[in-house]
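This report looks at a loop residue and its surroundings, and then at a group of aromatic side chains.

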Amino acid sequence: MKRLFLIAVPWFAFAFVLTGGAFAKDTEATFELPTGTMTLQAPQDVDYKATLSPVNFPHSVHFSYACQECHHNWDGNGAIKSCGTSGCHENFWAPKPGQDDVSENGVKSLVGAYHQACRDCHRNEADQQKAAGSKSIVTGPVACAGCHPDPHSEVVDSDEALSIPLGIITIKAPEEVEAKKGAVGFPHGLHFQFACKECHHDWDGESDVEACSSCHNETEPSGSRNIKNEENVMYYLAAYHNVCITCHRDVDKKRRAAMAEGKIDKADLPKAAPVNCNGCHSES
């Protein structure tokens, strides 16, 4: 039996194979992102015999959420540790009444951490859909048998994975375009606090990820160069700017709002992102 991992791999990698002329990888630093199903089981070295079935966790179904939603202490660079690592959720069960919590900082039990991350997220999703008036609720299970079936499900640990770049990716104009500004050095690893599908909105979670210009392949705008013009949805410059600069401006607003509230500690502020041309584009 394997140790219990929220994502059960020793080296979580998020390196997309980016195909298309607009990208050039400048780094060899990658990690392997599991895209199949993995089985979450109780650790072997706990004084406890599991009575419920192991959980088959479909990792790729969750790529509409940021990596750090679950891997909340991951820096986007090093290996992802098991949730039960010493100093994290190392107690399998919460202490009984009257017993001291021997783990550092009184962290939650491993069982509690999983249920809060998984089941509570499913419940929140359902609540939000109901509040929005949805007639059909689409989310993960919240009942025990939904995750722990009886009889026990077969253990499945897929070896399917994609190799994901952690460092800088250079975004260039298509070859047939005479670029008026320099290329953009995009720090991929700094963006794992956002869901993969925030940018890769048509990605199925399993196939190789293609460059945006593979779809947004119009090299000239339709009429005006206004990136908000709906006719320019397939114009490559509009696609990039709408995703990147719109998000950066939103982050900038959040930083300003936090500073206005008196939060000046760097740890309390969203990370700064460039909002002007020279902040992203190198000198051509």
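## A serine in a loop

In this predicted model, Ser-53 lies in the loop that runs between β3 (37–40) and β4 (55–58). Its relative accessible area is 3%, which is under the 20% cut-off, and Ser-53 therefore counts as buried.

When neighbours within four places in sequence are left aside, the residues in contact with Ser-53 are His-148, Pro-149, His-152 and Ser-153.

## Aromatic pairs around Phe-31

A pair of aromatic rings is described by the distance of the centres together with the angle of the planes. The count of aromatic pairs in the model comes to 5. In one of them, the ring centres of Phe-31 and Trp-74 are 5.7 Å apart and the planes stand at 75 degrees, so this pair is edge-to-face. The two residues belong to distant parts of the chain, 43 residues apart, with Phe-31 in strand β2 (residues 30–34) and Trp-74 in the loop between α1 (67–70) and α2 (110–117). Phe-31 and Trp-74 are both buried.

Phe-31 also pairs with Phe-192, with ring centres 5.8 Å apart and planes at 75 degrees, so that this pair, too, is edge-to-face. Here the link again joins distant parts of the chain, since Phe-31 is in strand β2 whereas Phe-192 is in the loop between β7 (184–187) and α5 (196–199), 161 residues apart. Phe-192 is buried, as is Phe-31.

## One cluster

Taken together, Phe-31, Trp-74 and Phe-192 make up one aromatic cluster.

Technical notes: Residues are numbered from 1 along each chain as its sequence is written. This is a predicted model: local features need pLDDT of at least 70, side-chain atom pairs count only at pLDDT 80 or more; totals for chains, interfaces and linings use all residues. Side-chain values use heavy atoms; hydrogens and water are left out. Helices (H or I, at least four residues) and strands (E, at least two) are DSSP runs, numbered from the N terminus. Buried means under 20% relative accessible area, exposed over 50%, partly exposed in between (1.4 Å probe, protein chains only). Contact means heavy atoms within 4.5 Å. Rings of Phe, Tyr and Trp (its six-membered ring) pair if their centres lie within 6.5 Å; planes under 30 degrees apart count as stacked, over 60 as edge-to-face and the rest as tilted.
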